[in-house]
Amino acid sequence: REACYRITGYKIELIDGDKYRLRPMYAGSDRDFVLIHFHQGQLSVLETDFVRELDKKVSAYLTRFHSVPAFLSQITLDLFSQTTLAPVS
């Protein structure tokens with residue numbers, strides 16, 4: 001589990017038979033997570049407060065390109081930038 005977290009940047013928890021909670025490594029709070037539904041070989045991202053608040057360019061990876069991996073990668077990059085590249089006061 002720890003290796004998957006460090007490789008992907010997400011803690012992945014099975015929360016229901018076909019639903020997974022993905023917590024980004026660079027999340028700012030416990031409410032920053034993505035819910036994924038995996039049913040009959042199809043992935044879908046469920047709406048959460050965190051997903052609803054994402055920039056439209058991040059959401060476009062789902063709505064326009066239908067790519068969950070690109071969507072998750074962009075979240076990782078955005079959160080990484082916010083937590084590590086933020087200006088120091």
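**Residues, sheet and helices**

Trainee: What does glutamate 13 touch, not counting residues up to four places away in sequence?

Mentor: Glutamate 13 touches Lys19, Tyr20, Arg21 and Arg23 on that count. Keep in mind that this is a predicted model.

Trainee: Where does glutamate 13 lie?

Mentor: In strand β1. Glutamate 13 is partly exposed, because its relative accessible area is 27%, which falls between the cut-offs of 20% for buried and 50% for exposed.

Trainee: Switching to aspartate 32. Which loop is that in?

Mentor: Aspartate 32 lies in the loop between β2 and β3.

Trainee: Buried or exposed?

Mentor: Aspartate 32 is buried, as its relative accessible area is 11% and buried means under 20%. Leaving out residues up to four places away in sequence, aspartate 32 touches Arg23, Pro24, Ala27 and Phe50.

Trainee: OK, the sheet. What is the strand order?

Mentor: The order is β1-β2-β3-β4, in an open sheet of four strands with antiparallel pairing.

Trainee: Which strands stand at the edges?

Mentor: β1, residues 10–16, and β4. Each has a single partner strand, so one side of each is left without a neighbour in the sheet. From one strand to the next, the twist averages 30°.

Trainee: What packs on the sheet?

Mentor: Helix α4 does, touching β1, β2, β3 and β4. The direction of α4 makes about 165° with that of β3.

Trainee: How many bridges are there between β2 and β3?

Mentor: Four, in the antiparallel sense, with β2 covering residues 19–24. Within that pairing, arginine 21 stands opposite leucine 35, and leucine 22 has valine 34 as its bridge partner in β3.

Trainee: And on the β4 side, how many bridges join β3 to β4?

Mentor: Five, and those strands run antiparallel, β4 being residues 42–46. Leucine 35 turns up again here, with leucine 46 as its bridge partner in β4.

Trainee: How many residues sit between β3 and β4 in the hairpin?

Mentor: Two. Glutamine 40 is in the turn and has a positive phi of about 50°.

Trainee: What about isoleucine 36, which strand is that in?

Mentor: Isoleucine 36 is found in β3, residues 34–39. Isoleucine 36 counts as buried because its relative accessibility is 6%.

Trainee: What is isoleucine 36 in contact with, leaving aside neighbours within four places in sequence?

Mentor: Asp18, Lys19, Tyr20, Leu22, Leu43, Ser44, Val45 and Val68. As for arginine 1, 35 residues apart from isoleucine 36 along the chain, the two C-alpha atoms are separated by 18 Å.

Trainee: Last topic, the helices. At what angle do the axes of α3 and α4 cross?

Mentor: Roughly 165°, and the axes come within 7 Å; α3 is residues 56–63 and α4 is residues 68–84. The two helices are therefore roughly antiparallel to each other, since angles over 145 degrees count that way. The crossing is left-handed.

Trainee: Which residues make the contact?

Mentor: From α3, Lys57, Val58, Ser59, Tyr61 and Leu62; from α4, Val68, Ala70, Phe71, Gln74, Ile75 and Asp78. By class, that contact has seven nonpolar, two polar and two charged residues.

Conventions
Residues numbered from 1 in each chain as written. Predicted model: local features only at pLDDT ≥ 70, side-chain atom pairs only at ≥ 80, totals over all residues. Heavy atoms only, no water. Buried < 20%, exposed > 50% of the residue type's maximum accessible area, 1.4 Å probe, protein only. Contact = heavy atoms within 4.5 Å. Pairing = 2+ DSSP bridges. Axes fitted to C-alpha atoms, helices over the stretch in contact; angles between N-to-C directions. Parallel < 35°, antiparallel > 145°, perpendicular 65-115°, else oblique. Left-handed = near helix turned anticlockwise from the far one by under 90°. Nonpolar A, V, L, I, M, F, W, Y, C, P; charged D, E, K, R; others polar.
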